[in-house]
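Hi everyone, thanks for making time this morning. I'd like to walk you through a structure, so let me put it up on the screen.

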Protein chains: 2
Amino acid sequence: MGMSTAETLRALLDGPYPETRERVRWWLSRPGNEPADDLPLEEHRARVLEWVKELASEGDTAIGYPVEYGGKDSPGAGVTAFETLAMGDLSLLVKCGVQFGLFGGAILHLGTAKHHARYLHDVGSMALPGCYAMTETGHGSNVQALRTTATYDPETQEFVVHTPDDDARKDYIGNAARDGRMAVVFAQLITGGESRGVHALLVPIRTEEGEVCDGVRIEDCGAKLGLNGVDNGRIWFDHVRIPRENLLDKLAQVHADGTYVSPIENPTRRFFTMLGTLIQGRVSVGGASISASKVALTIAVRRALERRQFGEPGAEQEALLMDYRTHQRRLLLPLAKTYALSFTQNRLVRDVHDVFTDEGAPERQRRELETLAAGTKAIATWHATDTIQACREACGGAGYLRSSRFASLKADTDVFTTFEGDNTVLLQLTAKNLLTDYRDSFNDLNPIGMVQFVAGQALSVLTERTALRKVADTVLPGRDDDADLLAHKTQLDLFRWRHEHLLTAAARRLKGGIDNGKDPFAVLVDTQDHVLEVGRSWVDLVILESFAEAAKGNELLSKLCTLYALSVLEAERGYYQEHGRLSAARSKAVVKAVNTLCGELRPHVRELVDAFGVPETALGDARVVADEQERVPA
Amino acid sequence: MGMSTAETLRALLDGPYPETRERVRWWLSRPGNEPADDLPLEEHRARVLEWVKELASEGDTAIGYPVEYGGKDSPGAGVTAFETLAMGDLSLLVKCGVQFGLFGGAILHLGTAKHHARYLHDVGSMALPGCYAMTETGHGSNVQALRTTATYDPETQEFVVHTPDDDARKDYIGNAARDGRMAVVFAQLITGGESRGVHALLVPIRTEEGEVCDGVRIEDCGAKLGLNGVDNGRIWFDHVRIPRENLLDKLAQVHADGTYVSPIENPTRRFFTMLGTLIQGRVSVGGASISASKVALTIAVRRALERRQFGEPGAEQEALLMDYRTHQRRLLLPLAKTYALSFTQNRLVRDVHDVFTDEGAPERQRRELETLAAGTKAIATWHATDTIQACREACGGAGYLRSSRFASLKADTDVFTTFEGDNTVLLQLTAKNLLTDYRDSFNDLNPIGMVQFVAGQALSVLTERTALRKVADTVLPGRDDDADLLAHKTQLDLFRWRHEHLLTAAARRLKGGIDNGKDPFAVLVDTQDHVLEVGRSWVDLVILESFAEAAKGNELLSKLCTLYALSVLEAERGYYQEHGRLSAARSKAVVKAVNTLCGELRPHVRELVDAFGVPETALGDARVVADEQERVPA
């Protein structure tokens with residue numbers, strides 16, 4: 001009789017690369033591949049390295065690389081594999097991300113044929129473990145201000161890589177403390193006495209025997225809050241000399257005599273083109289957060305369908321936790337948002353694949369992808385933090401045992417909100433791209449520049465520019481108290497209105513502040529919370545669009561989509577009322593509808609989490625082994 | 001010239017027992033007493049046990065006990081010492097809480113002179129390490145349904161303590177896995193073939209040599225999410241015989257022949273009188289959460305006053321994180337609430353001291369204390385989770401290193417939201433007491449009973465009853481758009497209105513549901529989110545009252561109090577608008593005022609955290625040692 005509900009939902013959730021997901025699920029389910037949540041630091045590091053080598057030897061880690069270097073030419077499948085791997089040990093995930101995504105990705109995207117031929121195969125097979133040495137102690141978000149130098153010496157045709165002081169040491173670098181033998185080092189390039197901005201160079205840091213190279217100093221970052229299977233470290237360079245060909249020279253070349261040439265004339269544009277290689281990392285971290293949320297929700301829902309506490313006096317059994325409204329709210333709202341984010345992530349993966357397999361993809365398409373990747377990464381990683389916490393609490397004391405997996409889920413995902421771009425900075429970047437319609441200085445992370453750019457535009461231009469979606473006023477008339485709150489069209493209209501109102505108002509405030517003679521930093525400070533809402537409201541809208549699209553023709557999904565939409569409206573109902581878009585009565589109706597939907601979705605909750613397809617091995621104490629399947633309610 | 005601002009604030013924050021706080025700060029500052037954030041499990045347990053013994057030998061752990069048993073007869077100072085200890089290693093805190101608060105507290109409050117004389121001195125000196133064996137695998141929140149039995153055998157004048165099955169094993173019991181030699185066991189007492197409800201009995205579990213006693217089985221709970229310096233375990237009893245005098249018999253006695261007598265006739269009332277001993281535990285956990293929040297805020301604020309990132313193009317220095325509005329919102333709002341909670345906690349400590357030093361304290365006073373303790377515990381522990389998370393993120397990658405202290409702060413406080421009463425259950429208890437004006441079945445945690453009780457009352461009685469604070473309607477006229485939002489009176493009126501409106505509406509809904517023929521569980525489910533808001537809104541109000549009272553005559557505190565008040569109004573502005581208590585314009589003004597206040601308080605932020613008086617040893621990487629004091633901006 002065809003597929004079960006859970007199977008139907010899983011096919012939708014799994015998106016464009018279902019066989020990739022199934023292969024990773026299979027690998028995670030093999031004995032010995034369970035998360036290593038309880039190993040001492042060095043043993044955990046060793047175990048993770050073994051796993052990485054095993055995955056590499058099976059060809060699972062270079063999926064996004066060109067075929068000639070052992071890959072499968074499929075960036076989309078590569079990101080999908082990574083995302084699914086996040087259901088298991090997250091140290092393994094991050095170690096893979098560092099090696100194949102960041103280190104290998106930099107060589108692939110910033111290097112040229114000679115680098116690909118020489119290194120890429122060894123990177124993909126883990127024969128050459130490497131680092132992505134971008135962040136410095138003094139500069140994390142503001143990458144453009146890094147202070148490590150790479151000075152060209154035409155005498156020897158070498159670059160001299162140097163750490164001027166401790167503030168400029170490379171910090172929190174994955175693979176550095178133990179395994180890495182080479183690093184992609186981001187440094188201020190100096191030729192002919194002139195600084196050319198941040199460039200990437202390949203610098204050996206350990207010999208094949210594992211000895212630290214001359215002039216290099218490495219320190220172990222030691223124990224971290226989580227991800228202790230990844231060996232993060234600090235690196236200093238003391239006038240380390242590397243040959244000229246170690247410059248990753250796709251975007252800029254240095255001739256033997258030191259002449260600097262680049263196909264991209266504008267140095268800021270060059271810089272942000274370089275940073276474009278980070279996009280896959282951001283998409284991957286967002287996807288990993290969604291997977292981790294799925295694991296947490298599966299564990300908590302299973303428990304809520306088993307655990308009884310209190311209930312009708314004299315009843316034969318106590319009531320299931322899942323039957324309490326507060327418990328439904330705690331779990332079903334994040335469940336709905338996890339679905340919503342999954343469909344958004346599938347869209348992002350398709351976009352990544354398209355952009356990275358088409359050299360001729362238009363600039364605007366790349367910028368839109370970057371914008372959505374930044375915003376979704378912020379929303380998805382905060383969502384994981386909130387969801388895992390809610391699930392832990394929903395499991396009470398049992399959730400506090402390490403064997404429940406919440407310890408590692410919480411600790412390992414915690415850094416996602418601040419690495420691959422701090423969430424606050426990323427939401428500002430999203431807002432900035434929307435406010436400037438992608439026309440300002442490429443992808444400059446400095447929010448001050450955005451203030452100045454917006455202020456420099458005529459208001460009429462801004463207003464036109466900000467009507468991004470060209471929604472005619474007729475589509476959004478005055479408040480419509482009769483529109484059906486349960487219809488996706490109504491929900492989308494309300495989401496769209498909120499974003500466009502925030503966007504237009506922010507543009508006016510930015511411009512007004514400058515016109516009134518305030519300095520740009522003061523204007524930014526005055527409006528910063530508003531600017532973040534511009535980014536957030538846009539991501540909310542895109543997420544709802546993705547969910548509504550995916551839910552078409554599926555009644556259960558459509559209801560879950562409405563729960564997502566109304567839970568956002570509920571949270572934002574203060575704003576909607578302030579602007580006359582929801583009457584008091586409609587606002588109360590939203591709250592009531594969220595409760596009603598929780599009750600209606602309650603009977604489907606087991607199917608809804610089963611559809612995530614989390615391997616049993618990843619569920620800790622909630623794991624069901626074959627012979628005790630009947631213990632868990634169906 | 002008198003005290004600095006920070007000193008003035010500290011005197012206010014430190015409350016009624018400043019010398020107790022200073023002594024604990026001194027102890028935490030001694031070399032060797034830094035948090036042991038990075039020890040392997042068994043070493044951490046051993047270190048914590050040594051610390052407990054050291055504190056006990058110095059007389060610091062029995063402060064709340066009677067003088068004749070080595071104490072100081074000061075429950076208030078005892079809770080204060082505990083609260084302050086929470087700035088250090090939280091495993092030490094919880095081990096102390098188990099030994100001196102729960103185990104010793106049960107003997108003190110449920111036992112009689114013979115128990116006090118025989119055990120209390122040894123408990124206070126840690127000569128007799130013990131457990132509080134209440135929770136079972138199957139029953140955490142619903143304690144009344146515990147299934148361990150203690151059957152009286154008149155032949156031998158013994159109780160037979162027995163664990164009927166694995167669901168009834170004692171679980172997550174602190175001190176059980178390694179150190180405990182005796183346990184206060186909560187069990188269904190059976191005499192003459194009749195069950196008498198849950199009672200507490202002293203059961204030896206290990207010999208003086210540390211051998212597990214016959215008939216007792218103990219299993220280590222193993223590694224936990226946090227608090228790994230505490231040895232939690234599971235205990236099974238196989239027909240373990242203990243002498244009759246081991247019943248803690250203050251509230252009920254069993255004669256030699258098995259006759260059961262109790263001064264409290266109603267068994268439910270007896271049960272909840274027994275649970276009243278938990279109050280100090282809840283107050284202590286709430287207080288500990290506030291201390292942990294202070295540690296996190298001190299670390300994050302220090303970093304925000306040092307760390308620079310981005311800023312005006314061409315400016316000499318980048319801008320301090322603390323100067324960004326988003327960063328101010330992330331840190332100053334929780335800072336304001338931490339102050340608010342501190343003053344509420346001081347009030348609670350005074351109430352605890354009064355009630356526990358006056359046998360004749362009226363029943364209503366006890367019930368009100370229980371209600372506030374339950375609600376504040378929930379709000380303060382959730383606040384700690386949110387605040388520590390916000391502070392971790394505000395510190396970026398540096399906050400992810402274990403040496404920053406966020407790893408242990410996050411992990412160790414995580415369980416606070418669900419132990420000593422799950423927060424959701426506690427907020428329901430608070431709401432229930434308010435809805436029934438303390439008149440229903442004592443302190444039954446089962447929310448269904450509340451529905452039935454409320455439904456049984458005439459609506460006029462409810463409405464009168466729920467007007468707890470006897471606020472005449474004239475005090476709360478229709479919306480007053482002119483009242484000054486910055487005045488505490490306006491803020492208090494709005495908070496009070498919200499609570500009373502929620503309370504009255506909840507009573508109507510509960511009664512209406514039953515009157516319409518719904519069964520009580522369905523009525524509870526329909527209204528449960530509303531009922532939780534009844535509890536939350538009342539705690540919010542009491543917190544604001546405490547802060548406004550403490551802030552009198554201090555301009556800086558008064559401004560911080562307003563920030564707390566307006567941040568709550570901002571979060572709840574959807575509700576206020578729905579009910580016509582805030583116009584759209586006023587609602588927008590609240591948001592704006594929060595931003596303005598952030599800017600105004602920014603220059604004082606260092607003083608505001610210095611006033612917490614967190615020992616430098618508790619600040620991890622943010623610690624300032626004498627010779628580098630100048631590194632940190634004043």
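Let's begin with residues 131-240 of chain A, where the chain is 0% helix and 45% strand, and the end C-alpha atoms lie 16 Å apart. UniProt, in an unreviewed entry, puts the feature "domain: Acyl-CoA oxidase/dehydrogenase middle" on that stretch. Please keep in mind that this is a predicted model.

Now move along to residues 276-435 of chain A, which an unreviewed UniProt entry labels "domain: Acyl-CoA oxidase C-alpha1". Here the chain is 70% helix and 0% strand, with 20 Å between the end C-alpha atoms.

On to the pairing of the chains. How is chain A laid on chain B? A turn of 180° with a shift of 0.0 Å along the axis does it, and the RMSD is 0.0 Å. The two copies are therefore related as by a two-fold rotation axis. If you want to find that axis on the screen, look for A:Gly574: of the residues of chain A, A:Gly574 comes closest to it, with its C-alpha at 1.8 Å. The same surface serves both copies, as 100% of the contact residues of chain A recur in chain B.

So what does the interface look like? In terms of contacts, 80 residues of chain A meet 80 residues of chain B. The two chains bury about 6400 Å² between them, and 52% of that is on carbon and sulfur atoms. Three residues deserve a mention here: A:Phe310, A:Tyr400 and A:Glu578 supply 13% of the area that chain A buries against chain B, more than any other three residues.

Eight salt bridges are found across the interface of chain A and chain B. One to zoom in on is A:Arg392 with B:Asp414, where the closest N and O atoms are 2.5 Å apart.

Which helices are involved? Several helices of chain A each supply at least two residues to the side that touches chain B, among them helix 9 (325-356), helix 10 (363-394) and helix 16 (520-551). Helix 16 of chain A gives the most, with eight residues. By residue type, that side of chain A divides into 30 nonpolar, 26 polar and 24 charged.

That's my tour, and I'm happy to rotate the view for anyone who wants another look.

Conventions
Residues are numbered from 1 along each chain as its sequence is written. Chains are lettered from A and ligands numbered from 1 in the order in which they are written. This is a predicted model: local features need pLDDT of at least 70, side-chain atom pairs count only at pLDDT 80 or more; totals for chains, interfaces and linings use all residues. Side-chain values use heavy atoms; hydrogens and water are left out. UniProt positions are given in the numbering used here, feature names are shortened, and annotations may be inferred rather than shown by experiment. Helices (H or I, at least four residues) and strands (E, at least two) are DSSP runs, numbered from the N terminus. Contact means heavy atoms within 4.5 Å. Buried area is the accessible area (1.4 Å probe) that two parts lose on being put together, summed over both. A salt bridge is a side-chain nitrogen of Lys or Arg within 4 Å of a carboxyl oxygen of Asp or Glu. Ala, Val, Leu, Ile, Met, Phe, Trp, Tyr, Cys and Pro count as nonpolar, Asp, Glu, Lys and Arg as charged, and the others, Gly among them, as polar. Copies are superposed by least squares on the C-alpha atoms of residues with pLDDT of at least 70 in both.
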